[in-house]
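Me: I would like to go through the helix packing in this structure. Could we begin with what counts as a contact?
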Amino acid sequence: MNAYEWIQYYEKHQHRHATESYDWWAAPLPDGKLSAIQALAGSLAIFQLGESGGGTRLRRYAEALSAEDVAFAGYGRAVELFIREENAHADLLKEMVRRLGGNLLEKQWSNSIFRFVRSTLGLEFNVQVLLSAELIARGYYGLLARHAPDPVIRESCLRITRDEVGHIAFHVDFFRDRLSVWSAWRAALWRAQFQFLFYCARLVVWWDHGRALRGCGISRQMFQEKTGRACRSFLGSLNSGGAKWRGIKAGSGTRVQA
Ligand SMILES: [Fe+2]
Ligand SMILES: [Fe+2]
């Protein structure tokens with residue numbers, strides 16, 4: 001992978017995050033739908049917790065990989081910038097939760113499961129679990145960008161969605177290079193287990209967030225369809241050489257639709 005292109009991409013985004021200020025927080029909330037808004041605040045607070053991690057182990061893994069394998073030179077720095085972008089999302093989500101009158105979290109069960117699985121089963125698996133979370137997040141934010149009951153939340157989610165699509169493209173580059181040196185059967189096995197674990201993770205997320213999403217008019221079928229498309233698109237990109245994603249890396253991601 002050409003990690004240096006990703007460093008440029010994230011540095012450009014970092015500048016945007018630093019200079020972008022949002023003046024919409026004082027806009028009044030829409031009338032009614034109080035229970036839906038409360039449930040959504042709770043759901044966004046969980047995502048806020050997930051986006052706020054420091055990624056210490058992942059950063060260490062990426063640094064080691066970029067030092068030992070020339071194909072991943074610069075990957076450590078790219079991962080560091082990627083984590084900063086996730087933390088910028090956490091800051092934005094903090095404002096969203098406050099706007100909806102919710103409380104920020106320090107610990108939460110499904111977030112703890114994700115962290116436990118990531119830290120227990122090896123570092124490459126850590127990236128895989130992270131990728132599943134990204135694909136689910138892409139669907140989650142994309143749906144809220146269209147269906148959340150508050151226009152400010154919709155616009156905030158659209159901004160995050162654009163970045164998340166870039167994150168998936170970043171992971172496509174990583175996994176394409178990792179899988180390219182594996183035998184066909186090992187790569188096929190990896191895909192099968194990835195898909196299986198992705199569906200398990202999606203089940204957990206729906207279990208945890210379904211009520212909030214239903215309150216926004218998002219059915220389980222819509223959630224499955226949207227996240228399933230993100231997963232298929234990722235797996236397809238591993239075959240196609242990732243042409244679809246190259247435009248995202250070259251541009252700023254602003255053409256992405258919710
Ligand atoms: Fe994010
Ligand atoms: Fe992300």
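Reply: Two residues are in contact if their C-beta atoms, placed from the backbone, lie within 7 Å. Please note that this is a predicted model.

Me: Which residues of H1 meet H4, then?
Reply: From H1, the residues are Ala3, Trp6, Ile7, Tyr10, Glu11, His13, Gln14 and His17. In H4 they meet Tyr75, Arg77, Ala78, Leu81, Phe82, Arg84, Glu85 and Ala88. The residues of this contact divide into 9 nonpolar, 3 polar and 4 charged.

Me: At what angle do H1 and H4 pack?
Reply: The angle is about 25 degrees, and the axes of H1 (residues 3-19) and H4 are 9 Å apart. Angles under 35 degrees count as roughly parallel, so H1 is roughly parallel to H4. The crossing of H1 and H4 is left-handed.

Me: Moving on to H2: how many of its residues are buried?
Reply: In H2, 14 of the 18 residues are buried, so this helix is largely enclosed by the rest of the structure. H2 covers residues 34-51 and reaches 26 Å from its first C-alpha to its last, close to the 26 Å expected at 1.5 Å a residue.

Me: And how do H2 and H4 pack?
Reply: H2 and H4 pack at about 155 degrees, with their axes 8 Å apart. They are therefore roughly antiparallel to each other. Their crossing is left-handed.

Me: Which residues of H2 and H4 meet?
Reply: Ala41, Leu44, Ala45, Phe47, Gln48 and Glu51 in H2 meet a set of H4 residues that includes Glu86, His89, Leu93 and Met96. By class, the contact of H2 with H4 has 8 nonpolar, 3 polar and 3 charged residues.

Me: What about H4 with H7: parallel or antiparallel?
Reply: Helix H4 (residues 75-99) and helix H7 (residues 151-180) pack at an angle of about 165 degrees, with their axes 11 Å apart. That makes H4 roughly antiparallel to H7. The crossing of H4 and H7 is left-handed.

Me: Which side chains belong to that contact of H4 and H7?
Reply: Phe82, Glu85, His89, Leu92, Met96 and Arg99 in H4 meet residues of H7, among them Val152, Ile160, Asp163 and Phe170. The contact of H4 with H7 has 7 nonpolar, 3 polar and 3 charged residues.

Me: How far apart are His209 and Gly102 in space?
Reply: They are 15 Å apart, C-alpha to C-alpha, and 107 residues apart in sequence.

Methods:
Residues are numbered from 1 along each chain as its sequence is written. Chains are lettered from A and ligands numbered from 1 in the order in which they are written. This is a predicted model: local features need pLDDT of at least 70, side-chain atom pairs count only at pLDDT 80 or more; totals for chains, interfaces and linings use all residues. Axes are lines fitted to C-alpha atoms, for helices over the stretch in contact, and angles run from 0 to 180 degrees between N-to-C directions. Helices (H or I, at least four residues) and strands (E, at least two) are DSSP runs, numbered from the N terminus. Angles under 35 degrees count as roughly parallel, over 145 as roughly antiparallel, 65 to 115 as roughly perpendicular and the rest as oblique. A crossing is left-handed if the near helix is turned anticlockwise from the far one by less than a right angle, and right-handed if clockwise. Ala, Val, Leu, Ile, Met, Phe, Trp, Tyr, Cys and Pro count as nonpolar, Asp, Glu, Lys and Arg as charged, and the others, Gly among them, as polar. The expected span of a helix is 1.5 Å times one less than its number of residues. A residue is buried if 20 or more other C-beta atoms lie within 10 Å of its own, exposed if 12 or fewer, and partly exposed in between; C-beta atoms are placed from the backbone.
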